[in-house]
Every structure is written in structure tokens, then in C-alpha cells.
Amino acid sequence: FERKDLKVVNGKIAAKEKNIKPVWTDTVKVLDDNCFISPGWIDLHTHYFGCWGEDMDPIKHGLLKGCTLQVDAGSSGMSTFQDFDQYILNQTNGMLLAMLN
């Protein structure tokens, strides 16, 4: 656990050092945000199907907030799993796993 700067090139970490000098160009933005960088988080208890309305999106509410794996804890059962699979699971590229109720 230490404070360092990250240099990101084309969306990938290119360097992790102390006091990286920023290079100013039209395509480079420097953030001084005191961010905490970690591996992706796992949310073991979510409900994305039929519980909270149409707006619950695993990408928006999970992946874009740092959860790279989520588990839907039984929002769907055998009678509704086909719809859950088609409209929710197939849109998440494997970052949402499902338990059946």
C-alpha cells in the first residue's frame, strides 16, 4: 500500500512510479484525484431481474463502479430464467453470474 503516480497509455497502465512528470498534449489529461487503485471488486449479492424496475443495469450499477464480477442472488427462477438470460445475462459478457430461486 503506497502512494505512486500511474501513467496510462491507450487505456493500459504503462508506468507506476513516484513523481511521474506529466506530458501535456491534446490527448493527455492529468488527474490529481488521490484515487484508490485496486483489482476489480466482486459483489456477491445483487438483484437485476424484475426487482427494481427497468433501470437496473449491471454495467452501469456494477462494472462502471468497479465491480468486475457480480452475482445475482436469485432474482429469477426456472419459469423466468429464459427472459433473464436473454435480456440481462447476455448483455454482461460474463461479468454477472446467476443463482436461481
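Predicted model: local features only at pLDDT ≥ 70, side-chain atom pairs only at ≥ 80, totals over all residues.
Is Phe84 buried or exposed, and what is its relative accessible area? Phe84 is buried, at a relative accessible area of 0%.

Three strands form an open sheet in the order E3-E4-E5, and their pairing is parallel. Strand E3, residues 41-46, and strand E5, residues 96-100, stand at the edges; each has a single partner strand, so one side of each lacks a neighbour in the sheet. On average, neighbouring strands here are turned by 15° against each other, direction ignored. Strand E4, residues 67-76, runs parallel to E5 and is joined to it by five bridges. As for individual residues, Ala73 has Met99 in E5 as its bridge partner.

I now come to the aromatic residues, where the count is two aromatic pairs. In the pair of Phe49 and Phe84, the ring centres lie 5.2 Å apart and the planes meet at 55°, so this pair is tilted. Phe49 belongs to the loop between E3 and helix H1 (58-61), while Phe84 sits in helix H2 (residues 81-87); the pair therefore ties together parts that are 35 residues apart in sequence. Both Phe49 and Phe84 are buried.

The other pair is that of Phe81 and Phe84, with ring centres 6.2 Å apart and planes at 70°; since that angle is over 60 degrees, the pair is edge-to-face. Phe81 and Phe84 are three residues apart in helix H2, and so about one helical turn separates them. Phe81 has 28% relative accessibility and therefore counts as partly exposed.

To conclude, ring pairs link Phe49, Phe81 and Phe84 into a cluster.

Note on methods: Residues numbered from 1 in each chain as written. Heavy atoms only, no water. Pairing = 2+ DSSP bridges. Helix = DSSP H or I, 4+ residues; strand = E, 2+ residues; numbered from the N terminus. Axes fitted to C-alpha atoms, helices over the stretch in contact; angles between N-to-C directions. Phe/Tyr/Trp six-rings, centres within 6.5 Å; stacked < 30°, edge-to-face > 60°. Buried < 20%, exposed > 50% of the residue type's maximum accessible area, 1.4 Å probe, protein only.
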